Amino acid sequence: MTKRVAVAGFLHETNTFAPSPATFAHFEEGGGHIPLSRGSEVLSRSKGVNIGVAGAAGFAEAAGWELVPLLWAVAIPSAHVEKDAFEQILGDLIERLKAAGPLDGLYIDLHGAMVCEHLNDGEGEILARLRAALGPDVPIAASLDLHGNTTRKMVEASDVMVAYRTYPHVDMAETGYRTAVQLEALMSRGKPFKKAFRQLPFLIPIPWQCTDIEPAKSLYADLAELEAGKVFSASFLMGFPAADFADCCPSVLVYADDEATAAAAADGFVSAVLEKEADFNGEAHEPDACVALAQTLSRSAEKPVVIADTQDNPGAGGDSNTAGILRALVKADAQKAAIGLMVDPQAAQKAHDAGEGADVTLTLGGKSGVAGDEPFTATFTVEKLSDGEFTATGPFFGASHMSLGLSACLKIGGVRVVFASRKVQLADQSMYRFVGIEPTEQAILVNKSSVHFRADFTPIAETILVCKSPGPMALLASDLPFENLKDGIRMSPCGPAFRAPVPLAAG
Ligand SMILES: [Zn+2]
């Protein structure tokens with residue numbers, strides 16, 4: 001008999017320390033993926049895009065499921081999801097679910113690190129309300145980002161959750177497919193899987209979560225191997241270490257036919273991660289030192305030295321507008337250097353008003369509210385203007401269409417800056433080329449990104465340096481004013497333990 005399966009998505013990665021919240025308008029826009037979609041739009045717009053729901057739909061087609069698309073929404077990572085946006089989107093989703101008629105299963109594309117103004121565990125609440133609407137017998141399968149901070153509420157309200165295995169996330173659609181495979185198994189067997197859920201006792205800085213480098217590379221290979229045995233599904237989520245609540249930490253999820261198998265696999269994998277804890281550390285440089293090192297390295301390099309401006313990564317809640325590394329590049333008189341994206345609609349407008357060839361004086365940065373993010377004032381020459389419309393070419397964005405709004409290339413000394421009006425993470429070479437900068441011909445490239453850029457830039461980079469310039473996504477959790485983490489969790493690999501602030505005694 002044909003299986004009827006509802007499909008949906010509601011995703012946000014929340015940096016509770018970031019400057020700007022996620023509003024309903026941000027979900028309508030879609031933040032670099034597809035805009036807020038309802039009913040059949042969910043399938044038509046996601047076709048061929050690297051997101052979970054597209055992979056799930058691919059499996060559904062092959063398996064002959066009848067799909068009932070409900071709603072799909074994402075916003076660019078930022079501070080908390082506003083209460084109105086959360087309730088409006090989830091309310092719409094639940095109404096559509098209730099109107100869907102009899103269902104054999106539900107697939108939902110989630111992130112796992114959504115924090116709302118009015119509740120800490122966004123996905124736990126989404127899954128609990130879906131469960132309440134569907135009843136206990138219809139299986140719920142969810143895809144998760146490997147940055148999800150998994151909670152017990154999420155585990156209990158769902159039947160299976162499957163996370164990405166790559167960062168840069170080149171397997172988002174593939175994860176949707178793998179999740180749909182598990183949902184098919186659940187619907188066919190007619191009884192739930194046994195689950196094992198473990199949380200790890202240390203936070204991992206995001207640049208060292210990259211799965212192209214060790215120790216994550218081997219750990220994910222081991223994880224995949226677990227599924228060759230009796231385990232149905234195994235996931236390792238490295239977590240998003242900028243969410244101030246008790247479940248902010250890496251986690252492991254294992255599903256099997258019996259409890260003992262799931263527990264043994266989860267415990268074995270946790271031990272393997274703990275053995276490699278010290279390896280989740282890398283080197284990060286202060287801006288002046290980083291630029292000096294890049295200049296030295298570039299003298300004998302054949303390819304660009306690429307610097308990750310990790311703390312202003314808009315994929316982790318930054319606004320992509322701090323000027324720390326730009327200031328260091330100008331001060332060091334760097335040549336053949338380029339930096340992107342500087343997201344500043346006023347500066348882009350000013351460049352367009354002045355025209356190509358004109359000089360403009362701009363004050364950049366100083367807007368994040370982060371200590372050390374000082375404004376930088378200087379005169380630039382407008383080299384090239386653009387409407388910001390182009391198509392990405394690299395593996396992370398795929399062939400996504402970019403709409404960056406009014407954009408420009410401005411030059412100061414030997415440094416070129418890509419200005420844009422809309423916030424998107426610099427993770428594609430085309431994000432330089434659209435304003436006339438050939439990235440492969442630069443000596444130094446500065447990308448406002450932590451890891452996703454590696455998918456398109458590792459092949460053209462001499463080496464990659466990580467820079468600790470002031471921005472909202474602190475490299476080390478100990479640099480953030482956490483108050484609500486689990487007592488005793490290590491703030492970095494083998495680092496100091498978090499101690500909950502002791503409230504001042506009354507009187
Ligand atoms: Zn992620």
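Reader: Which residue in β3 is the bridge partner of Ser37?
Author: In β3, Ser37 is bridged to Trp72. Please keep in mind that the model is predicted.

Reader: What makes β2 and β3 a pair of strands?
Author: The cut-off is at least two bridges found by DSSP. Between β2 and strand β3 (residues 66-74) there are two bridges, in the antiparallel sense, so the two strands count as paired.

Reader: Why are β2 and β6 said to stand at the edges of the sheet?
Author: The open sheet has six strands in the order β2-β3-β1-β4-β5-β6, and its pairing is mixed. β2 (37-38) and β6 (160-163) each have a single partner strand, so one side of each is left without a neighbour in the sheet.

Reader: What is noted about the phi of Ser320?
Author: Ser320 is not a glycine, yet its phi is positive, at about 60 degrees. Most residues other than glycine have a negative phi. You can find Ser320 in the loop between β11 (305-309) and α11 (324-331).

Reader: Why is the pair of Glu87 and Arg129 called a salt bridge?
Author: The rule asks for a side-chain nitrogen of Lys or Arg within 4 Å of a carboxyl oxygen of Asp or Glu. For Glu87 and Arg129 the closest N and O atoms are 2.9 Å apart, so the pair meets the rule.

Reader: How many salt bridges cross the interface of domain 1 and domain 2?
Author: The rule finds zero there. The count of residue pairs in polar contact between domain 1 and domain 2 is three. On the side of domain 1 that touches domain 2, 14 residues are nonpolar, six polar and two charged.

Reader: What is the extent of the contact between domain 1 and domain 2?
Author: Domain 1 covers 4-280 and domain 2 covers 287-467, and their C-alpha centres lie 32 Å apart. The contact takes 22 residues from domain 1 and 19 residues from domain 2. The size of an interface is often given as the accessible area lost when the parts come together. Here the area buried between domain 1 and domain 2 is about 1600 Å², with 65% given by carbon and sulfur atoms.

Reader: Which three residues supply more than any other three of the area that domain 1 buries against domain 2?
Author: They are Ile76, Pro168 and Pro207, which supply 25% of that area.

Methods:
Residues are numbered from 1 along each chain as its sequence is written. This is a predicted model: local features need pLDDT of at least 70, side-chain atom pairs count only at pLDDT 80 or more; totals for chains, interfaces and linings use all residues. Side-chain values use heavy atoms; hydrogens and water are left out. Domain bounds come from an automatic or database domain assignment. Contact means heavy atoms within 4.5 Å. Buried area is the accessible area (1.4 Å probe) that two parts lose on being put together, summed over both. A polar contact is a pair of N or O atoms within 3.5 Å; within protein, one must be able to donate a hydrogen and the other to accept it, and residues adjacent in sequence count only if both atoms are side-chain atoms. Ala, Val, Leu, Ile, Met, Phe, Trp, Tyr, Cys and Pro count as nonpolar, Asp, Glu, Lys and Arg as charged, and the others, Gly among them, as polar. Helices (H or I, at least four residues) and strands (E, at least two) are DSSP runs, numbered from the N terminus.
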